[in-house]
Structure formats: C-alpha cells, structure tokens
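Visitor: I would like to learn how to read a protein model. Could we take the features one at a time?

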Amino acid sequence: MIPTAEQFDLVVIGGGPGGYCAALYGASAGLKVAMIEKDALGGTCLNRGCIPAKAFLETASVYRHVASAAEFGIEAGSPSVNFAKTQERKQAIVSGLVNGIAAMCKGRKVDVFNGTGSLGPDHTVTVSMKDGSTTELSGDAVMLASGSVPRLIPNFERGGPIMTSDEVLDLDVVPDRVVVIGGGAIGCEFASTFSDLGAKVTILEGLPKILPGLDDDVANVVVRSFKKRKIGISTGVMVTGHTPNDSGGTTVHFGDDEHLDTDAVIVSVGRRPFADELGLEGTGVKVDDRGFVEVDEYCRTGEDGVYAVGDLIDTPQLAHVGYAEAILVIKHILGEGPMPVMYDKVPWAIYCHPEVAFAGLAEQQARDAGHDVVAASHPFKFNSRAQIVGEPDGLCKIIAEKNADGTAGKILGVHMVGPWATEQLSGGYLAVNWEATVAEVAEFIQPHPSLTELFGETVLTLTGRNFNG
Ligand code: FAD
C-alpha cells in the first residue's frame with residue numbers, strides 16, 4: 001500500500017450504471033466509497049444510451065399519437081418535427097438525471113474523482129485528474145466498471161454521415177434517409193424512431209433475421225409492423241464499404257454489388273468492452289481475447305478483492321444487469337452470502353414500436369434445452385384496453401414445462417410485444433424468476449380493463465380453460 005494513498009472501503013472505476021449503483025448502494029450500507037469517472041456521471045446509459053435513445057423514441061410516439069389524433073375525435077392537423085427541440089428536451093432530461101446522481105453521491109458522502117483511474121498492484125488506483133494532477137487511492141476492495149464503447153466495422157470510420165449511437169444521439173435534424181447497419185435491439189430502436197419521424201429507413205443485417213434471440217412469434221410482429229411502416233429490411237447481407245457524395249451523404253455498398261444512397265448511416269453492430277485505460281499491469285486481473293474482464297459468478301476477477309461488473313464483463317449488456325451485479329458485489333464484500341445473478345432469466349426490453357419485453361426461454365430455446373413444453377399466445381387485438389389506446393398489434397406468449405399428465409407446469413418464459421410491453425413485464429418476470437407454475441399464477445387477478453389482462457388470460461389458457469381466448 002502506498003502510504004500517501006487515500007484509503008477507502010471501496011474504490012470504483014467508472015461512473016455508469018454498474019459503478020454508480022455500487023457507489024450509492026455501498027454507501028447506503030455504510031461503506032466509505034470513492035468513485036472515479038473520466039467523463040460524465042451516468043455513463044453510457046444516461047449520456048449516450050438508454051435514456052437519450054428512449055427520449056427520442058418518446059418524441060416518435062408523440063408524433064404518432066398526434067398524427068392519429070383524428071381517430072380519437074381530436075383535430076390537431078398534421079404534425080411536423082422540430083428535432084432541435086427534441087434534442088434540447090433530451091439533453092434537459094439527461095442533465096437533470098446526471099445532476100441527480102451527483103447530488104446523491106454528495107448526500108451519501110461518496111467521493112467522486114473526475115479523472116481516469118488505472119489499477120496497479122495491491123489495490124492502488126492512480127487517478128489522472130481532468131485538471132492535470134494525479135492522485136493515489138487505495139481500496140480494501142476495487143470495482144472495475146469502465147463499461148463499453150460502440151464496435152466499429154472496417155470501411156465505416158466515424159465522421160460525416162457515418163455515425164454510431166454516440167453521434168446519432170447528438171443529431172438535431174432528422175435525416176431524410178437513414179441506413180441502419182445491424183438489426184439488433186439498438187439498431188431497431190433507431191430504425192423505429194427515425195421512420196416514425198419521417199425518414200426513409202433501411203436496416204441491413206448480416207444474419208438471416210433481425211432481432212435474433214427473440215421468440216419467432218414476437219420478432220415476426222415487429223417485422224410486420226416495420227414493413228407496414230415501409231422500413232426496408234435486408235437480411236443475410238454484409239456491408240462492404242461506402243462512397244461519400246458531395247451533398248454530405250453517401251452510398252452504402254452491400255451484398256452482391258448492391259448499393260443504397262443515404263444521408264446518414266447508423267453503425268449498430270454491438271459494443272466492445274472498454275478496458276483500454278484500466279492499467280491492470282502487475283495485477284491478477286485477466287482480460288479475454290474479446291476484451292472482457294474475466295470474472296466468476298460473484299464478479300470476482302483473478303485479483304483478490306478486485307471485482308468487475310457491467311458491460312466490461314461478458315454478461316448481458318444491460319444497465320439493470322450492471323445494477324444487479326453491483327448489488328451482488330456489495331453484498332459479497334459485506335459477507336452477506338448473495339445469490340449469483342441468474343443471467344438466463346433477466347428481463348429484456350426493446351423500446352421500438354411495437355415494444356418488446358421478455359424474461360426466460362423462448363419456445364425454440366426451451367425445446368433446444370430439452371424441455372417438453374406447452375405454449376400459449378394471445379393477441380392484443382382482443383384486449384379491450386389495447387383497443388381503447390388504439391394499439392391492437394402484438395401478443396403475449398407464455399412457455400411452460402409440460403407435466404407428466406400433459407398439463408402446464410413451471411413457467412419457463414414470458415414474451416410480449418405490443419403497447420407498453422416494457423412496462424408490463426414485471427408479472428411475467430416474477431413468474432419466471434420465482435419458478436412459479438401456471439396453476440399458481442392463474443390464481444392472481446389482473447385489473448380490468450388493462451393491458452396486463454392479456455398476461456392473465458394467456459396463463460389461464462395454459463390451465464386448459466379461459467374465457468376471453
Ligand atoms: P457504462 O455505462 O459504459 O459506464 C462506464 C463509465 O466508465 C463511463 O462513464 C466511462 O466514461 C467511464 N470510464 C471508462 N474507463 C474509465 C477509467 N479508466 N477511469 C474512469 N472512468 C472510466 N441498457 C438497458 O438496460 N436498457 C436500454 O434501454 C438500453 N438502451 C441502450 C441504448 C443505446 C443507444 C446504448 C448504446 C446502450 C443501451 N443500453 C441499454 C446499454 C446500457 O447503456 C449499458 O448496458 C450500460 O450503460 C452499462 O453500464 P456500465 O456501468 O457497465 O458502463
């Protein structure tokens with residue numbers, strides 16, 4: 001230990017969801033915590049991810065509502081987009097939340113260091129402060145939470161029309177034409193946003209289908225909705241490069257000599273872990289060949305007392321998974337014997353229109369895992385609240401283990417697509433994680449009229465009876 005180093009119970013490197021959750025939760029449990037952030041508190045999620053992307057999606061949703069207001073008897077005329085205002089609103093939301101984290105850190109006496117932290121031997125962390133100075137910290141425990149950055153692909157360097165999510169979220173105009181490279185969750189959210197706001201959007205995806213990993217029935221609803229809204233989807237195609245034009249746009253080359261003229265390209269091909277500035281020399285922390293810090297089920301690295309969480313490790317790249325890992329680590333530090341995170345049962349939410357949310361196994365995944373399954377699915381079009389809100393597209397699908405007598409037993413997966421699906425998952429999430437049976441969940445009442453009645457109805461169907469199906 002360096003004698004001059006300031007001593008903490010926990011030193012956290014990175015102030016994103018993983019890092020700030022650990023700092024605030026740890027401080028609330030009585031730990032003396034330091035948190036180092038080189039950029040803005042809140043990390044990717046608050047500044048360049050979840051929050052700004054969802055703020056844009058909300059603007060798209062307002063646009064859709066105004067555009068269809070006449071159906072509800074409201075004559076509002078044709079909406080037009082002032083995206084600079086959208087950008088301003090998004091930034092106000094982001095700034096408010098970032099300031100909120102800073103205030104909570106202050107309130108809980110978390111020492112926040114604005115600089116870049118690197119880990120050396122014996123739990124010492126050197127901080128190269130933004131003001132040019134250097135400071136040394138030492139922690140009984142150290143948490144690495146330096147997150148991730150967008151992955152790039154050859155021949156698509158950032159600049160001009162070529163953007164990653166970082167640059168897209170700074171736009172203050174809606175491009176007329178957008179090519180999204182990558183049809184995963186983030187790519188589909190951007191495609192949905194810009195299409196709803198009037199852009200001509202095309203998704204280019206290398207795999208055979210967009211949104212891989214989703215239950216087929218759910219993914220098909222999104223694909224149908226995208227196609228209805230004239231979003232172009234080309235799957236099984238690889239992009240090869242692009243040729244910029246004089247008007248600020250470019251021509252994207254893909255597949256067998258195909259091309260598309262566009263004003264903006266959103267490269268959305270995943271995120272890579274960002275261990276680049278963590279130092280780690282002289283420590284037992286190991287980084288795998290894809291750049292992830294290696295950890296065990298308690299997020300312990302190869303160096304005793306050093307943990308890693310969030311996008312830096314090879315677990316689902318979701319803010320709430322980072323939170324769960326951070327809480328797990330704090331409980332582990334406190335010797336409370338926490339249960340490892342069950343990564344196969346975490347909630348997933350995709351906020352495109354229509355929204356997607358799920359927990360647990362999709363039908364094919366359940367079969368591939370060797371389960372004998374029964375599944376039921378109900379469409380939102382027969383749900384009264386979905387009719388009332390004017391969003392009848394979508395479904396709820398539940399996959400359960402088949403008992404020896406043929407009845408439906410333990411709930412293995414709940415998959416939803418449709419209105420406010422992301423807000424409706426909690427019942428399904430609880431069912432999957434509580435390892436509840438169909439018979440148990442069927443005892444619970446859903447309010448009427450509500451969108452969640454569809455979940456109740458689907459469970460009821462799995463009991464062999466129903467009344468609305
Ligand atoms: P990050 O949020 O990346 O934070 C890491 C922080 O560490 C950064 O602030 C960085 O500046 C700092 N840092 C790095 N190195 C150092 C260093 N050496 N010293 C000091 N500081 C350092 N997830 C969801 O759950 N729901 C969503 O709806 C969702 N939407 C998304 C939309 C987009 C467009 C994107 C890009 C991501 C989205 N995500 C979403 C993913 C989510 O943002 C990440 O999973 C989450 O931010 C990971 O948290 P983290 O703390 O591990 O890392």
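Visitor: Which residue of strand 12 stands opposite Gly-241?

Guide: Keep in mind that this is a predicted model. Strands of a sheet pair through backbone hydrogen bonds, either parallel or antiparallel. Here, the residue opposite Gly-241 is His-253 in strand 12. Strand 11 (residues 239–244) and strand 12 (residues 250–254) run antiparallel and are joined by five bridges.

Visitor: What does the chain do between strand 11 and strand 12?

Guide: That hairpin has five residues between the strands, and Gly-248 in the hairpin takes a positive phi near 95 degrees. Strand 12 also pairs with strand 13 (residues 258–262), in the antiparallel sense and over five bridges. Thr-250 has Thr-262 of strand 13 as its bridge partner. The hairpin of strand 12 and strand 13 has three residues between the strands, and there Gly-255 takes a positive phi near 55 degrees.

Visitor: What is the strand order in the open sheet of five strands?

Guide: The order is 7-14-8-9-10, and the pairing is parallel. Strand 7 (162–163) and strand 10 (232–235) stand at the edges; each has a single partner strand, so one side of each has no neighbour in the sheet. Strand 7 is joined to strand 14 (residues 264–267) by two bridges, and these strands run parallel. Met-163 has Ile-266 in strand 14 as its bridge partner.

Visitor: How do I check the length of a helix, say helix 8?

Guide: Compare an expected span with the distance between its ends. Helix 8 has 15 residues, which at 1.5 Å a residue should span 21 Å; the end C-alpha atoms are 21 Å apart, so the two agree. Just after helix 8, Gly-335 takes a positive phi of about 70 degrees.

Visitor: Which residues of helix 8 are buried, and what covers them?

Guide: The buried residues are Ala-319, Val-321, Gly-322, Ala-324, Glu-325, Ala-326, Leu-328, Val-329, Ile-330 and Ile-333. Their cover includes strand 1 (6–13), helix 1, helix 2, helix 3, strand 5 (134–144) and strand 16 (306–308).

Visitor: Is Leu-312 buried or exposed?

Guide: Count the neighbours: a residue is buried if 20 or more other C-beta atoms lie within 10 Å of its own. Leu-312 has 31 C-beta neighbours inside 10 Å, so Leu-312 counts as buried. Its place is in the loop between strand 16 and helix 8. Leu-312 and Gly-147 are 165 residues apart in sequence, yet 4.8 Å apart in space, C-alpha to C-alpha. Beyond residues up to four places away in sequence, Leu-312 touches residues including Leu-144, Pro-273, Phe-274 and Phe-292.

Visitor: Which residues come nearest to the ligand?

Guide: There are 38 residues around the ligand, and Gly-14, Gly-16, Gly-43, Gly-147 and Gly-310 come nearest. Elements that give two or more residues to this shell include helix 1 (17–28), strand 2 (33–37) and helix 8 (319–333). Helix 2 gives the largest share, four residues. By class, the shell has 14 nonpolar, 18 polar and six charged residues.

Visitor: Which backbone angles should I look for?

Guide: Most residues other than glycine have a negative phi, and most peptide bonds are trans. Asn-155 is not a glycine but has a positive phi of about 70 degrees. Asn-155 sits in the loop between strand 6 (148–150) and strand 7, and counts as exposed because it has 12 C-beta neighbours inside 10 Å. Trp-420 also has a positive phi, near 50 degrees. Trp-420 is partly exposed, with 18 other C-beta atoms within 10 Å.

Technical notes:
Residues numbered from 1 in each chain as written. Predicted model: local features only at pLDDT ≥ 70, side-chain atom pairs only at ≥ 80, totals over all residues. Near = placed C-beta within 6 Å. Nonpolar A, V, L, I, M, F, W, Y, C, P; charged D, E, K, R; others polar. Pairing = 2+ DSSP bridges. Expected span 1.5 Å × (residues − 1). Contact = placed C-beta atoms within 7 Å.
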